[in-house]
Amino acid sequence: MSSQVLFRHAMQLDEACQALAAPVHTLGLVFVLSVRANALAQASSSPLAATFVHRCRQLLLHADPVQVALAPVEFSRLCQKFLSFALPQPQGALGAVRPLLAAAAAMQPTPSHITPIHALALQAAILARTYRAVVPLLASTLVQVSAPRTALSAHDVLLFHYYSGIALIGLKRHREAMLTLQLALVSPATVVNSLMVESYKKWTLCALIATRALPVLPKYASTVVQRNARGCAPAYNELAGAFASRDRAKLSKVLSQHAATYNNDGNTGLTKQVSDAFTKEAIVRLSRTYLTLSLADIAASTGLGSTAEAEALLVKMVEKGELRAQVDCLQAMALFEDTNAPDGAELKGALESRLESVVALSQKLHELHDELASDALYLGKTADKDERGGGRRGARGGEPRRRK
């Protein structure tokens, strides 16, 4: 009844918004602005929409976490409405990134909880092509889920992994993108939905770019995903097969044959990077076979157009640490170094980084274990399961009794 009364007077709610201020009146503003958004959606008034976006931005930037926890569903829906109204504004998605990140932090019970607003913040950053704005979010470890506190659904988790993968692709961090998209593919599922199909397509391309090998789904992925995912993306499976064949002509044929499909999926840029990764892998294979090789031979073996392209690509790979070689421009020769000999400083830094991440992950697992061990709901379900199991064992496994 109260929402109906507010809706009838929705066009006069601006005065109420002026009297309320975050963070003191966060809860009231959430409901008032939600009703205001519904009225604006029907009225389609752009000047009033700009005012709504401004008031929402102020609320999200200064929301009180305690009051947000009292209405997580309404707060999450308001964030969705805010993003939809912000897109047509002059600042567009760029102006929505920071407020949504602040709103996600306000909804989190702890810094390791994932919320529906995290996916919205990533979506806004992707639309605005400002991937660096969400680097801290991508670096955070979000492993805890609390549906009552955050109104989180399985769809929100899939969206978060999918958008995280796209943001990492935009940052050229393809290996991390591959692992993040893989999280969407290994999620428990009874059917393969559209998000999983799109994640599979980008996961395949990122795996080819990062590992330069044929991607394989983990064994712990659900059976339905392992059986049906490949059938949903034949063009990408053909591309992976052509990549693994080490045949440049076959790869070019597949890229040309399915160019329209890749373009419609928005993956044309990734397929070009797959082609570049194919060429780089061919050069790495040559470095394992030859100590010296002319730039002309490298260009001919890898399908590059000229010795100048071969020289430029070799220099680029050396600068990025993808290849150990020296290029003699006067003699037009490449001298390859032993790629199996690890660099001491690089190896030490990599080991220290891995050890730090392992220690942090171990600590997080211990915290989650302790929290789960003291969770009343989990303990109750475990006790009920043990009682049912004990009853069945007693009924089936006990000694037969004689009738007196």
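**A helix across a sheet**

Mentor: Let's start with helix α19 (residues 295–302), which lies across β1, β2 and β3 and runs at about 80 degrees to β1. Helices (H or I, at least four residues) and strands (E, at least two) are DSSP runs, numbered from the N terminus. Axes are lines fitted to C-alpha atoms, for helices over the stretch in contact (heavy atoms within 4.5 Å), and angles run from 0 to 180 degrees between N-to-C directions. A word on the source: this is a predicted model, where local features need pLDDT of at least 70, side-chain atom pairs count only at pLDDT 80 or more, and totals for chains, interfaces and linings use all residues. Residues are numbered from 1 along each chain as its sequence is written, and side-chain values use heavy atoms, with hydrogens and water left out.

Now the sheet itself. It is open, with three strands in the order β1-β3-β2 and antiparallel pairing; two strands pair if DSSP finds at least two bridges between them. At the edges are β1 (292–294) and β2 (325–328), each pairing on one side only. From one strand to the next, the twist averages 20 degrees.

Take the β1 side first. Three bridges join β1 to β3 (residues 333–336) in the antiparallel sense. Serine 294 has methionine 333 as its bridge partner in β3, while leucine 293 stands opposite alanine 334.

What about the two faces of β3? Ala334 and Phe336 make up the covered face, and Met333 and Leu335 the uncovered one. In a regular strand, side chains alternate between the two faces of the sheet.

Next, look at two helices of the chain, α18 (residues 268–289) and α20 (residues 307–319). Their axes come within 11 Å and cross at roughly 85 degrees, which makes α18 roughly perpendicular to α20 (65 to 115 degrees; under 35 counts as roughly parallel, over 145 as roughly antiparallel, and the rest as oblique). Thr279, Lys280, Ile283 and Val284 of α18 meet Leu313, Leu314 and Met317 of α20. By class, this contact has five nonpolar, one polar and one charged residues. Ala, Val, Leu, Ile, Met, Phe, Trp, Tyr, Cys and Pro count as nonpolar, Asp, Glu, Lys and Arg as charged, and the others, Gly among them, as polar.

Finally, the cores. A nonpolar core is a set of buried Ala, Val, Leu, Ile, Met, Phe, Trp, Tyr and Cys residues joined through side-chain atoms within 4.5 Å; buried means under 20% relative accessible area, exposed over 50%, and partly exposed in between (1.4 Å probe, protein chains only). The largest has 85 residues, with Phe52, Phe75, Leu100 and Leu239 making the most contacts inside it. Apart from it lies another core of 16 residues, and this one includes Leu313 and Leu314 as well as Leu323 and Ala334.
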